[in-house]
Amino acid sequence: TLIMSNSMKKLSSYLHSLSQTPHRLRKRMLATWTPDQEFNQVRHRSGADMKRKLNWYDLVALGVGGMLGVGVFVTTGSVSLHHSGPSVFISYIIAGISALLSSLCYTEFAVQVPVAGGAFSYLRLTFGEFFGYFAGANILMEYVFSNAAVARSFTEYLSIAFGENDPNVWRVEVHGLPKDYNMLDFPAVAVILILTLFLCHSTKESSVLNLIMTVFHVIFFGFIIIAGYCNGSAKNMVNPKGLAPFGVRGVLDGAAIVYFSYIGYDSASTMAEEVKDPFKSLPIGIVGSVLITTLLYCLMSLSLCMMVPYNKISEKASFSMAFLKIGWSWASNLVGAGASLGIVASLLVAMLGQARYLCVIGRARLVPSWLAKVHPSTGTPLNATVFLGICTASIALFTELDIIIELISIGTLLVFYMVANALIYRRYVITGHAPPSHTLLFLFLLSLSALCFSIAWKFKQQWWGLVLFGGFMIAITAFYQHVMLNTTIAQHSQQQQQQQHWSVPFMPWPPSISIFLNVFLITTLKTLSFQRFAIWACFITIFYVLYGVHNTYEAEEIEMGGVSVVGDEMNSSVHNLQTKVEIQVY
């Protein structure tokens, strides 16, 4: 009877909360925080602080290690075969430029707000709670799905290392399941669970392990590059159908897909709470890792295309199979072992980053608060690490790589697009005190012209449309820069900011170009990617409306005395219940 009574009270309280949804959405959707609140009030909800043990070289190694295994070993073969041909290295350059511009935006935010939330915290501070939540949910989706995809690729390369030529030899086929979900991958599950247990122990030890693996990984990359150039032929770069057999469109389509390869750099920004000197280390770590990785990607993809004509590149375990085709079977096994090591390093970094994202989202009460707890002895977000490890392992067990790569790309590009917008708004409006209407109009026109240019390109419209919209983007950016430079408040603020912290140079051009490139690359993706993303976007929005907004409203508006709400007795009982749950979990 007591259990039934408590259940009815909870149901009644929840129904009452639902009846106030419109009011709560108005109060919370665009609610923002200050950096000081993020540092102190919100961070303390995790209980213990994360321990500051990392240096700049740790961040470079984390960024490089997080990106290398993902890109080269997972996407290069497929993109070469179906999209870019031998010009896949150009796809990597285009994606790398876009990633570099996005990394500059991330770096300024990370230096100003060195907390673990990455894009979630940056957007919540700038545009409000819902935008931060939407970005955070997409980043988490990207992390979990990409880690699952990479773990399945680990199984393929590991089987090659042991002399097996069939990438599916260690998978178990279940005939009752649908196609693309019927190859169960238990080695992928095993490596994810082992890394999850390791990450629960300590961040510094995890970083040292990654540093060691990354050094070996770069040496191993050097072997592949040199061996490829020595045994390859420049003729394979133009045979059988030229450098770009699928045309310029194929190169750009490939760039949108290989963008998946650059998601590791934002892991470095999520480590901001654990860096000894964030103002110096974060710019070096984030930007440096993107530059190093882009160079290695280009050299690796060139090496692959020189060894084997693009139409004979294997879609799975492409580097190992390339060495097998040139008669170096021993090298094929070595590449399989080295690729497996690199994939483990990238998994380690990505799983390190995803737990920090979820921890900070839990601090904001947008997900259950027990996910925000930091273990007092290890200084790691234990609950978030275990929860996401189980989710990743579950997806890796069933789902084929092809299903999720483009979904990951669209989510990644959208979040980086949002961060670039947020940087412009924060620099000129929040910090510079310029009128918000001017900046919002500029951002709207910039995005609209980028979208029109991209659509004209996608549907092969007249060339004058490309010139018109491209010229318009350049003109409005130059005009906006002129207007902002003549705003004395903004000028003074920027000069003061540049004296104190690292900031993006040549504003607003880098984030503006980033906005254009992200929009352009999004439009090159397939329609199915947009359909799957729309389903995901609807799901996370419904979760926010039914759970997130009510939890944050009770945490921020009621617990902190922000507003008085009808039904004081109900709110008191909800608060007491939340407190009890948090104490029990802690």
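Author: The model is a predicted one.

Reader: How many salt bridges does a search of the whole structure find?

Author: The search covers the whole structure. The number of salt bridges found is five.

Reader: How many residues apart in sequence are the parts that Arg24 and Glu554 tie together?

Author: The side chains of Arg24 and Glu554 meet in a salt bridge, at 3.6 Å from N to O. Arg24 belongs to helix 2 (residues 21–28) and Glu554 to helix 22 (residues 527–558), so the parts tied together are apart in sequence by 530 residues.

Reader: Is Glu554 buried or exposed?

Author: Buried means under 20% relative accessible area. Glu554 has a relative accessible area of 9%, so the term for Glu554 is buried.

Reader: Which helix holds Glu129, the salt-bridge partner of Arg28?

Author: The side chains of Arg28 and Glu129 meet at 2.9 Å, N to O. Arg28 lies in helix 2, and the pair ties together parts 101 residues apart in sequence, because Glu129 lies in helix 8.

Reader: Which residue is linked with Arg171 and Asp185 in a network of salt bridges?

Author: Asp185 and Arg171 meet in a salt bridge of 2.8 Å, N to O. Asp185 lies in the loop between strand 2 and helix 9, and Arg171 in the loop between helix 8 and strand 1. The network also links Glu156.

Reader: What kind of aromatic pair do Tyr133 and Tyr544 form?

Author: Tyr133 is in helix 8 and Tyr544 in helix 22, 411 residues apart. Their ring centres are 5.2 Å apart. Planes under 30 degrees apart count as stacked and over 60 as edge-to-face. The angle here is 35°, and the pair is tilted.

Reader: What is the angle between the planes of Phe134 and Phe533?

Author: Phe134 lies in helix 8 and Phe533 in helix 22, and both are buried. The ring centres are 6.5 Å apart, and the pair is edge-to-face because the planes are at 90°.

Reader: Over the face of which residue does Arg249 lie?

Author: A charge sits over a ring if, among other conditions, CZ of Arg is within 6 Å of the ring centre. Arg249 is at 4.5 Å from the ring centre, over the face of Trp457.

How values were computed: Residues are numbered from 1 along each chain as its sequence is written. This is a predicted model: local features need pLDDT of at least 70, side-chain atom pairs count only at pLDDT 80 or more; totals for chains, interfaces and linings use all residues. Side-chain values use heavy atoms; hydrogens and water are left out. A salt bridge is a side-chain nitrogen of Lys or Arg within 4 Å of a carboxyl oxygen of Asp or Glu. Helices (H or I, at least four residues) and strands (E, at least two) are DSSP runs, numbered from the N terminus. Buried means under 20% relative accessible area, exposed over 50%, partly exposed in between (1.4 Å probe, protein chains only). Rings of Phe, Tyr and Trp (its six-membered ring) pair if their centres lie within 6.5 Å; planes under 30 degrees apart count as stacked, over 60 as edge-to-face and the rest as tilted. A charge sits over a ring if NZ of Lys or CZ of Arg is within 6 Å of the ring centre and within 35 degrees of the ring normal.
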